[in-house]
Amino acid sequence: MSGLLIIGASYAGVQAALTARDAGYSQPITMVCDEDWLPYQRPPLSKDFLLGRTSEQNLVLRDNAFFENKQIELVLGHRAVGLDLGTRRVTLERGNDLAFDQLVFATGSRARRIAIPGADLDGVCYLRSASDAIELKARLAAAAEIVIVGGGFIGLEVAASAAKLGKKATVVEASSRLLERAVSPIVSDFLLDTHLQAGVDIRLNEVVASFEGASPRVTGVVLDSGVNIRADLVLVGIGGIANDELARTAGLNCTNGIVVDEHGRSAMPDIFAAGDCANHFNRFCESWIRLESVQNAQDQAKAAGLAIAGSQGPYESVPRFWSDQYDVKLQIVGLAGKYDRKAVRGSVDAGKFSVFYYRDDRLVAVDSINRPGDQMAARRLIARGVSPSPEQAEDPSFDLKSLVTGGDKAGVLPPDL
Amino acid sequence: MTRVRFVQRDGSEKCVELDRDVSVMLAAVRNGVSGIDGECGGCLDCATCHVYVDATQASSVLPPSDEELELLSAVSGERRPNSRLSCQLKSLAAIDELVVYVPETQS
Ligand SMILES: Cc1cc2nc3c(=O)[nH]c(=O)nc-3n(C[C@H](O)[C@H](O)[C@H](O)COP(=O)(O)OP(=O)(O)OC[C@H]3O[C@@H](n4cnc5c(N)ncnc54)[C@H](O)[C@@H]3O)c2cc1C
Ligand code: FES
């Protein structure tokens, strides 16, 4: 039975299937996924789930009845290991083959492994899937001292959760500030303060040299500087790698992810990719990029689903992301990249502010700390190419929304400026 | 058990039973109600779960928190007095049927 075959049943896979079906695709749709779980939410894994505020049951996004109803066949617990573009067949690990007319890669990304002595010790963990999270949660309950390698989103969220659970947490980060690639120094410094106040120890400019253990268990982390930190649990959060090997081996163009156009289409017309495993040209950051966010996975998959159903709706939403640490809500819209000017709205001391980034006088990104109203307005401003002046952005009494409601009011810059 | 009736802009409807502890947003996503994205899973980060609660029922649900109000102040669909973020609508045991209207856009 041919039709649409989707590898991976998470945000991107499910969205592609659903959009294609809703847009009138009438052939069979099959989704294969190597995880045994029904499609579930990943973001809470490092946040509410670790804290025990969300049950496993409430992670599940769609149940069997949903897929039956949409006539989407779900093949869980099966890994795709081979792809033949000539015969249009995918081979599953356990031997059987699936034929397809159209194929979507929604294989996501995986946690980058650390290659240093002691990396195999028991208690050196990663966090990507629900089963990782269940294991981490159980180990965290039994642990006293956790070392987190990497001050990125996942590392910082786990640090916040661990601190809230009363654990001694240490974050080791190689660069000079937290979330260096994602936010500006003001936001990094604010987060650093927040973590320090919560009792988390943060070691910047430090590289982990090895893990020590009383075999088989990890007992400590040794830094390049010679410092030794005790640990009965280690979480490594040093970034993700696209699951693009299958595509690459079959001959598709892959450069840090499967290269696709604005419809999620690869160089082969019937082969698509969306989400964490795909690399696309993003017009908001004016470069090729592989994003890891729910918004990107869903919106890119919508474009692919439409194209598969013979319809049109290119992917051109403004990238957005969020992270929750303690009672800090960090929200990001756009990609700051190389900005040449910034403006701060609100109060850093009060823990409620937004940073507006400009490139050539154009608003390109906004980071907000506990200012969701700014963030919502910024989404629309950036999407429509409307830039408040830095002075307007800094003036809390200036209503940002006034620039996007009511269409072409005075003061609104045309998109090309 | 509470039932939620989702009404789309073209007038089409879908009824969904609401399990305990499940928000109106999650029930919508699980049942494939179109026009409700719920990207952040109910963390009050995304505002892609905006709905209009039937005007006659708006006072029978718990009022929005300050945080929800701040997000509501800038939703992409039209903001109305009965606008709510559906991820915050839960524990509705006292209501037999809640009617919500799906807005034109979420983002
Ligand atoms: C702990 C954590 C917290 C996060 N927090 C946030 C957040 O706050 N906000 C945000 O926007 N994003 C967050 N993210 C990122 C977000 O979860 C991802 O961007 C999103 O899940 C990407 O969806 P996807 O469908 O592209 O891929 P994935 O969710 O990675 O799903 C891919 C699926 O395909 C399966 N698969 C891979 N290869 C094969 C194969 N060969 N055969 C069969 N199946 C295969 C995988 O096992 C997986 O189930 C977080 C991620 C993690 C891990
Ligand atoms: S689901 Fe994100 S705010 Fe409601």
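A:Lys70 counts as buried, at 14% relative accessibility (buried is under 20% relative accessible area, exposed over 50%, partly exposed in between, with a 1.4 Å probe and protein chains only). The model is predicted: local features need pLDDT of at least 70 and side-chain atom pairs count only at pLDDT 80 or more, while totals for chains, interfaces and linings use all residues. Residues are numbered from 1 along each chain as its sequence is written, and side-chain values use heavy atoms, without hydrogens and water.

The side chain of A:Lys70 meets that of A:Asp22 in a salt bridge of 2.9 Å, N to O (a side-chain nitrogen of Lys or Arg within 4 Å of a carboxyl oxygen of Asp or Glu). A:Asp22 is partly exposed, at 46%. A second salt bridge joins A:Asp34 and A:Arg79, with the closest N and O atoms 2.6 Å apart. Partly exposed at 41% describes A:Asp34 and also A:Arg79. By this rule the count over all chains is 32 salt bridges.

Chain A is divided into domain 1 (4-110 + 241-308), domain 2 (124-238) and domain 3 (327-411), with bounds from an automatic or database domain assignment. The side chains of A:Arg359 and A:Glu286 meet in a salt bridge at 3.6 Å, N to O.

Note on methods: Chains lettered and ligands numbered in written order.
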